[in-house]
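Have a go at each task before reading the solution.

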Amino acid sequence: MPSHLSRRRSIRRRLLLYLIPALLLLVVSAAALTYFVALHVATYAYDRSLLDPALDIAANVTTDANGTRLTMQEQAQQALLFDHEDTVIFQVRSPAGAIVIGDEDLDGPPDVRPGERVFFDGRYRGEPVRIAAVRSDTGLYVQVAETLHKRNRLIWQILAAGLLPTLLIAFATLALAWTGVARGLAPLEWIRTQLLGRTADDLRPLDEHVTPVEIAPAIQALNRLFAQLRESNEMQKRFLANAAHQMRTPLAGLQLHLEVLLLRNLTPEVRAEISDIHLATVRAGHLANQLLALAKAEASSDDSGRLAIVDLYAVADRAVQEWVRRAIARDIDLGFVLEHASIAGDPILLSELLDNLLDNALRYTPSGGSVTVRCGCALGEPYMSIEDNGPGIPEAAHGKVFERFYRLPGTSGSGAGLGLAIVKEVVQRHRGTLRIESPGDCGTRIVVRFPPVVADTSTSPAATTSVLGAHAGASA
Amino acid sequence: MRILVVEDDALLARGLTGVLIRAGHAVDCVETGLQADKALRMASYDLVVLDIGLPDIDGFEVLRRLRFRRAATNVLVLTARDAVQDRVHGLDLGADDYLTKPFSVTEFEARVRALLRRTTLPMGAVSIGRLTIDLEAKRIRINGTSTDLTVREWALLELFMARPGRVLSKEQIAQHLAEYDTQLTLNAIEVYVSRLRAKIETAGGVRIRTVRGFGYLWEVADA
């Protein structure tokens, strides 16, 4: 895995990581721009209004023998310098720079030529002020200064008016990004629920049309993977079918030839040896069947399509012909107590289940014993059970007998220990439960319970018509 | 009897052919489905031993074509026990019996005998040990002594003889014996079977075995 993927990342966090600096830059530059605009506006507007008193004073300063005077009414002078917010002061200096009239706490002006107007920043008693300077016709310097209160207020007002919407947009963007990620990822949640609801066998493609186009490529990739898995499942099934045919046919040929050979006149030694080979061949055939059954039960993927309503009665009915013959050959009384009970299942696997239970029961029940197959519904639960009066399975081994290749210590049968493992696998496929009951010291009862069919379609007349019935009808 | 063996595995084919020839049958052997189909069109066989997995058309197709021609030839299907099993069991493709591979030679011989016996059924009288069943006169003789059977007992006997070696369920028997207007209870079937059994089992050679809780199996001791 590439290193940049090794740490879990959050799309939301990443988005915010990009957005916050960008928005911050936006806000700061907007603030700076607005500030300079506001400063310019305020300075330009208030400088002009500061110029008027300066010009008035310059026009009303006279110099004669008595010195320099302001020929202006006290009232007019006050009106000229009156301001609600700011302190306005003036100063008149002689061309030499000496203070002639006005406030003394103002520094001297820069060089101003007659007729020229100069604005500049200065300080008055420690407070920043804006100063307008002009020169009168008589060469006197006139300065009018005012504090910056209303200028600052205007700047702040302009700044606030300009910046507030920017800030609102920035916060709205962040909020939208936060919720947008959640909304944008909602289709992923849909995919999650779709996939969570599936069994491992369900490899149907997801519908890419219900998701946004941005997610469609991911869905397509998933669907491609599903298709590949389906194909490999199919290949596995084909392989199993081929393997079944390829393995069993030569084994059947081998067994047949050995049996034909055994019918001849043979010396006891040769007969004993061929009998051994024959026994091994029979076992190999049985084992091949079981291994393939087990693999099939495991690999019966996407069998959701193959699950059908199966009557357990019909499953048992199908087993009758073959197993009655085997039971007779082993001198075991094989009996049936069958009632109709429908489950959702795979008929082939269910036959495999019953075959293995029967094989197991007949294998370990001594001659003269009895085996009984039951099926039906108990307390609304479909079940199938097999009981025998053989040696029974010790309590301690109940958990182990369903393991693969496990054989009870001391058993002499020729089984490989796969039969009950197949049973377990098939039961799991059908979401059923499996129980061993050993009534008393002798005998075994294995009970398989299945979940009831949801839509009750039990005991329809068609389901009760057995295959045997069809045969009999055809030949009658 | 004339038998066709359809099997692509040479080892198995030789074995099957050998067993059948030893039992006194005339045996033809082919390896492919198309050859089998051709052979079945050209000659009439009493029995076909048919493998399902064949190189060209499979055994099911051979069977389907055979039944399409309404040929009554007995068919014993050889299968590997997987998906095929269900089709043989579940869909009635017209196979008369089937054997799963691998199988024992005695089982094979027993099935062949049972199927060939069906072929011989319509011909006059059948003797099994001391029991003679005269299908024309609808009566049985034991050691030459005639024994009468009721209509129901006779129907039961015919049913058993038509399905030798197969377990018949009581439901099936009831269905078969029921007239249009009568419903036979399973208890009634038990009564009929025990009466028939009493009449024929004294002859030996034939036995009606009870399959507990299910039905009956007609067993014939091999003479």
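**Exercise 1. Helix length.** How far apart should the ends of helix H9 (residues 347-364) of chain A be at 1.5 Å a residue, and what do its end C-alpha atoms give?

Solution. Start with the ground rules: this is a predicted model, where local features need pLDDT of at least 70, side-chain atom pairs count only at pLDDT 80 or more, and totals for chains, interfaces and linings use all residues. Residues are numbered from 1 along each chain as its sequence is written, chains are lettered from A and ligands numbered from 1 in the order in which they are written, and side-chain values use heavy atoms, without hydrogens and water.

Step 1: helices (H or I, at least four residues) and strands (E, at least two) are DSSP runs, numbered from the N terminus. Step 2: the expected span is 1.5 Å times one less than the number of residues. Step 3: with 18 residues, H9(A) should span 26 Å, and its end C-alpha atoms are 26 Å apart, which agrees.

**Exercise 2. A five-stranded sheet.** In which order do the 5 strands of the open sheet in chain A lie, E4 and E5 among them?

Solution. Step 1: two strands pair if DSSP finds at least two bridges between them. Step 2: the order is E4-E3-E7-E6-E5 in chain A, with antiparallel pairing. The edges are strand E4 (99-102) and strand E5 (117-124) of chain A, each pairing on one side only. Neighbouring strands here are turned by 25° against each other on average, direction ignored.

Step 2: walk across the sheet. Strand E3 (residues 88-93) of chain A pairs with E4(A) over 3 bridges, and A:Val92 has A:Ile101 as its bridge partner in E4(A). Strand E6 (residues 127-135) of chain A is joined to E7(A) by 7 bridges, with A:Ile131 opposite A:Ala145. Between E6(A) and E7(A) the hairpin has 5 residues, and A:Gly139 takes a positive phi near 90° there.

**Exercise 3. Two faces of one strand.** Which residues of E7(A) sit on each side, and are they buried or exposed?

Solution. Step 1: in a regular strand, side chains alternate between the two faces of the sheet. Step 2: one side of E7(A) holds A:Tyr141, A:Gln143, A:Ala145 and A:Thr147, and the other A:Val142, A:Val144 and A:Glu146. Step 3: all of these are buried, so both faces of E7(A) are covered. For strand E7 (residues 141-147) of chain A, that is 7 of 7 residues.

**Exercise 4. Chain B.** In what sense, parallel or antiparallel, do strand E1 (residues 2-6) and strand E2 (residues 26-30) of chain B pair?

Solution. Step 1: E1(B) and E2(B) pair in the parallel sense over 5 bridges, and B:Ile3 has B:Val27 as its partner in E2(B). Step 2: together with helix H1 (residues 10-22) of chain B, these strands make a right-handed β-α-β unit; right-handed says that, with the strands pointing away from the viewer, the path from the first strand over the helix to the second runs clockwise.

Step 1: turn to the open sheet of 4 strands, E6-E7-E8-E9 of chain B, with antiparallel pairing. Strand E6 (125-128) and strand E9 (145-147) of chain B each have a single partner strand, so one side of each lacks a neighbour in the sheet. E6(B) and strand E7 (residues 131-134) of chain B share 4 bridges, with B:Ile128 partnered by B:Leu131.

Methods:
Axes fitted to C-alpha atoms, helices over the stretch in contact; angles between N-to-C directions. Buried < 20%, exposed > 50% of the residue type's maximum accessible area, 1.4 Å probe, protein only.
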